Every structure is written in structure tokens, then in C-alpha cells.
Amino acid sequence: MAKHYISSFIWLGAALTFTVAAEQNQELPSSSWKSIFVVDNNTIWVGSGEGKVAVSENAGETWQVSTPGGRSANLDIRQIVAYDNRHAFLLSSGRGERSRLMRTRNSGFSWRQLYRANGDEYLHCFDIIPDGESWVLGEAILDDWHVVRSSNTNHWISSRSGFAERSLMGESASDDGNCVTFANNFWAMGTKDAEYARLVYKSARALRFQVVNTPLTGGAGNGIHAVYPLGNNDILIAGGAEQGPPEFYRYTNGSFTELNTPPLEGPLTQMVIAGSWTLVGNTNGVYRSDNFGDSWAQVSASGVKGLSCSESGACWVITIDHEVVKLPAL
């Protein structure tokens, strides 16, 4: 096993750069793997609830493992967004300083801290436009929105503005799916835990997010887990009640259409688009459809905690046993 050690850490402006011990492993080590991002047929990034991040350049044959924030930080890696095998962003979740946004440009040998929360801040999910506008959605504080935003992915600031409606008391975001997504030149966010599950959206050029109540079940533990913009004012929304059936809707130009759901129990916590396929899943299995739910085919009978596909349709999951597994070709 080859090990590369880089010592200490240094301040760079207002950001902290952590240098970590990175290990090249023949196999992925055991950890509570929970987040995943598939770049292409060969490059996969995964994060764990124990502060580990791993990247493979050869479709999972070997892995390079790092520990952003240092081994003592034990961050809960909620989400990863990557460009290639070297460049990636991660978001850790937790109350206060346990919520952090970090970046690597060298496959995890060092991580630059871009934002660290404090006090009652709690960050949940994010997406980015490379070198452009980017957003992190956090829990509402009283009836104020809490987001972290950037115009260039280098400098990030906390904000409570930019929304057409005030936040609801207790409004939050999912700890599971892609509840902030930029696609097809459009932004979408989904909320949960408040009286109403709400959709938040805008075009890339717009200055203000629009906010609308959705038909998905609201209340504590309920709401939206994943969103995906198909185009301008055309958004897929997945979620449901914590102890209820799956809920799947399409929002088009101000109207919601209920879509058929696969035969799964529980809310849809995962949703990704891969070419013409829509994949959805939860801890009871994964299904796919190429007609937005008119018909569904089972992809995996095993439950998943994470799901990601490349643009070419290479899909990987993290099982409920924290194993990283490639799905059959679509």
C-alpha cells in the first residue's frame, strides 16, 4: 500500500487548507459510505459518515482515500459534486461547524475549506455551475431562509435574501437526495419538514427564486427529497411522507401533474436522470422509466442510500449496507 503524507495546514486568505494523509488502496476500505457522484464510466467519488472520501479512476478497481478536515474532524460527508478525477466539492452536514463546504484540486491530497457554518446553521445539499453561480441550501432559521451562495465557486457568503416568499417555520431540506439541482440552465430546490413541501426555482439569469407550495405531503419528516429541472419551468419532484407511499410530480408552467410511482414502500429519496432514463429509489429498491413514470422497470431489488449516474448512463449505488455497487447497464 503506497501512502503519501503531507504535513500541517496553512491559511489562504479567509479559507483554510487542510493537507491530509491520502492512501492508495487496492480495495475500498470499510466505512459508512453514504454519498456518491459518478463522473464517467471510470471515475467515481464516494463520501462517508465517518469523514472519509474516496475516488476511483478505474471503475472501482482501486481507490484513493482521504480524510478532509483531518482524522479528528469525523465529518458527515453529505454530498459530493465532481468535475473529474482531480476536482471535487464536498458538503458535510451537522449543526454549526460540522457543516462545511470543501474543495480539492488534487484528488483529495489537500482540501480547501470554502465555508464553515456556526451557531444554529445546518447545511443540507448543494449544486454548482463550474466557476459560476452556486448554492447551498440550509435549514431555515425562524422564518428566514438560510443559503450559502457564490458567484464564482471561490468565495462563499451566507445569505437570507433572494426569495420571493419568506421561509416557513421549521422548513428544511433532505439529508438523502439531490434537493438542490442545476440542469438545463435552470435551478431547482425542494424543501421538507414544514407545513408545506415547497418548490424553489429560477432560471440561471434570474436574480430571485420563486417559491410555490407543492401537493407533496408536508409536516415534520415529510416533503421533497430530490428535484430535477428538465427545462424552463419544467421540474421533476420526488419525495413523500416519512411513513407513507412514494410521491412523484412534474411541475410545468405553474401546474403540478401527479406521475405514476414504482411499486416501492416509503418516500422516494433518490432521483437522477441518465439520458432518456429517470431513475428513482429508496431503501427498498431502484426503478427506471423512459416515459416519466408511465411504466417502470426494476433495476435493483436492494435498497440504496445513494444513487448517481454519468451522462453516458453508468450508474452506481451505495447500498443500505454501505457497499458501493455498479448497476447493470441501462
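**Close-up views of a predicted model**

When the bonded cysteines of the protein are numbered in sequence order, their pairing reads 1-2, 3-4. The model shown here is predicted, so local features need pLDDT of at least 70 and side-chain atom pairs count only at pLDDT 80 or more, while totals for chains, interfaces and linings use all residues. Residues are numbered from 1 along each chain as its sequence is written, and side-chain values use heavy atoms, with hydrogens and water left out.

**View A. The disulfide of Cys125 and Cys179.** A search of the whole structure finds two disulfides, a disulfide being a pair of cysteine sulfur atoms within 2.5 Å. One of them joins Cys125 to Cys179, with an S to S distance of 1.8 Å, and with -110° about the S-S bond this link is left-handed. The pair links distant parts of the chain, 54 residues apart, since Cys125 belongs to strand 13 and Cys179 to the loop between strand 16 and strand 17 (180-183); strands (E, at least two residues) are DSSP runs, numbered from the N terminus. Cys125 is buried at 0% relative accessibility, and Cys179 is likewise buried, with a relative accessible area of 0%, where buried means under 20% relative accessible area, exposed over 50%, and partly exposed in between (1.4 Å probe, protein chains only).

**View B. The disulfide of Cys309 and Cys315.** Here the S to S distance between Cys309 and Cys315 is 2.0 Å, and the torsion about the S-S bond is about 110°, so the disulfide is right-handed. Cys309 counts as buried at 12% relative accessibility, and Cys315 is buried with a relative accessible area of 2%.

View C. Four strands form an open sheet in the order 13-14-15-16, with antiparallel pairing; two strands pair if DSSP finds at least two bridges between them. Strand 13 (123-128) and strand 16 (157-159) are the edge strands, each pairing on one side only. Strand 15 and strand 16 run antiparallel and are joined by three bridges, and the bridge partner of Arg149 in strand 16 is Ile157.

**View D. The surroundings of His146.** His146 lies in the loop between strand 14 (134-138) and strand 15 (147-150), and this residue is buried, with a relative accessible area of 0%. The side chains of His146 and Glu121 are joined by a polar contact of 2.7 Å, a term for a pair of N or O atoms within 3.5 Å in which, within protein, one must be able to donate a hydrogen and the other to accept it, and for which residues adjacent in sequence count only if both atoms are side-chain atoms. Leaving aside neighbours within four places in sequence, His146 is in contact (heavy atoms within 4.5 Å) with residues including Tyr115, Leu123, Val136 and Arg160.

**View E. Salt bridges between separate parts of the chain.** The structure holds nine salt bridges, each a side-chain nitrogen of Lys or Arg within 4 Å of a carboxyl oxygen of Asp or Glu. In one of them the side chains of Asp76 and Lys34 meet at 2.9 Å, N to O. Asp76 lies in the loop between strand 8 (63-66) and strand 9 (77-82) and Lys34 in strand 5 (residues 33-38), so the pair ties together parts that are 42 residues apart in sequence. Asp76 is partly exposed at 21% relative accessibility, and Lys34 is partly exposed with a relative accessible area of 23%.
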